[in-house]
Amino acid sequence: MNRRYRRTIIAGNWKMNKTPAESKILIEELKPIIAKAKWCETVLCVPFVDIPIAVRLLKDTRVAVGAQNLHQNESGAFTGEVSGAMLKNAGCKYVIIGHSERRQYFGETDALVNAKAHTALNAGLRPIICVGESLEQREMGLTMDLVSLQVKAALANVTVEQLRKVVFAYEPIWAIGTGKTATSEQAAEVCEHIRTVIRKMYGARAARSVTIQYGGSMNAENASELLAQQDVDGGLIGGASLKAKDFIAIVNAANQ
Ligand code: PEP
């Protein structure tokens, strides 16, 4: 973290978990503690159907609500899809884009991630853009090149003003939901590399303000060490965001 230049953001990615009734219970457990966090911003990225209740329960708190996906078009005949304007109007501030599960199971390409980033920004949402390598790619020594390509593609035609709204999440695929966390050195190395790529595209001043999260089995035990790294400005948290005690511990670690 480097609070002098950028905001620390802890975001929970609930994935396809929690009905509206269940989400109410979890938010009521989280709210009294996470709403008090002063030194980091907290975000709950909930399933679409949970957005109304999350927005209602978190109204007038510092906790923001996010979605986990949006459609790249603004509106139209796309049965079953949700637009940026709908999310914004429902009260979302953030939207996750290019999560590895969407890249893997829904065929999302770098070009689509870029299109969705533009749609989100045009709708007034802050995209949390996920990048990261598979185990095979890491073992082949491709991590840095791959992440560079993902970052550059995601930011194609994004202006320096728009960049201020963009958050990146470095999520090594081999660490997501596996219990295998990247070491703090590995997380730091790739997050620093992402900032270097952004610096080359937009200059030092713009790059130092971008929040770059780490995601991949972050939990109550490893959060402090990961967040102590200069270029790790927060976390995108899956499994541990579904357990109030664990998510609170991560928020507390970021709030030190
Ligand atoms: C994620 O889904 O973005 C994630 C990091 O999951 P987990 O924390 O469960 O590895």
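**View 1. The buried residues of helix α7 and their neighbours in a predicted model.** The buried residues of α7 pack against helices and strands: α4 (100–105), α5 (110–122), β5 (126–131), α6 (135–139), β6 (167–170) and α9 (184–202). The structure shown is a predicted model. Helix α7 itself runs over residues 143–154. Its 12 residues reach 16 Å from the first C-alpha to the last, close to the 16 Å expected at 1.5 Å a residue.

**View 2. The two sides of α7.** Thr 143, Val 147, Ser 148, Gln 150, Val 151 and Ala 154 are the buried residues of α7. They lie on the same side of α7 because they cover an arc of only 165° around the axis. Asp 145 and Leu 149 sit on the other side of α7, where they are exposed. An α-helix has 3.6 residues a turn, so residues three or four places apart point the same way.

**View 3. Helix α9 and the residue after it.** α9 has 19 residues. From first C-alpha to last, α9 reaches 26 Å, close to the 27 Å expected at 1.5 Å a residue. Buried residues in α9 include Ser 184, Ala 187, Cys 191, His 193, Arg 195 and Tyr 202. Ile 194 and Ile 198 of α9 are buried too. Gly 203 follows α9, and its phi is positive, near 95°.

**View 4. Ile 198 in the largest nonpolar core.** This core holds 71 residues. Leu 44, Phe 168, Ile 194 and Ile 198 touch the most other members. What does Ile 198 touch, leaving out residues up to four places away in sequence? Its contacts are Val 151, Leu 155, Leu 163, Phe 168, Gly 203, Ala 207 and Val 210. Another core, of 12 residues, lies apart from the largest one. Val 43, Cys 45, Val 167 and Leu 236 are among its members.

**View 5. Strand β4 and its partners, β3 and β5.** β4 covers residues 94–97. Tyr 94 and Ile 96 point one way from β4, while Val 95 and Ile 97 point the other way. Are these residues buried or exposed? All are buried. In a regular strand the side chains alternate between the two faces of the sheet. β3 (residues 64–67) pairs with β4 in the parallel sense over 2 bridges. Tyr 94 is the bridge partner of Gly 66. Between β3 and β4 the chain passes through helix α3 (residues 84–90), and this β-α-β crossover is right-handed. β4 and β5 also pair in the parallel sense, over 4 bridges. Here Ile 129 in β5 is the bridge partner of Ile 97.

Terms used:
Residues numbered from 1 in each chain as written. Predicted model: local features only at pLDDT ≥ 70, side-chain atom pairs only at ≥ 80, totals over all residues. Heavy atoms only, no water. Expected span 1.5 Å × (residues − 1). Buried < 20%, exposed > 50% of the residue type's maximum accessible area, 1.4 Å probe, protein only. Arc of directions from axis to C-beta. Contact = heavy atoms within 4.5 Å. Core = buried A, V, L, I, M, F, W, Y, C linked by side-chain atoms within 4.5 Å. Pairing = 2+ DSSP bridges. Right-handed = clockwise from strand over helix to strand, strands pointing away.
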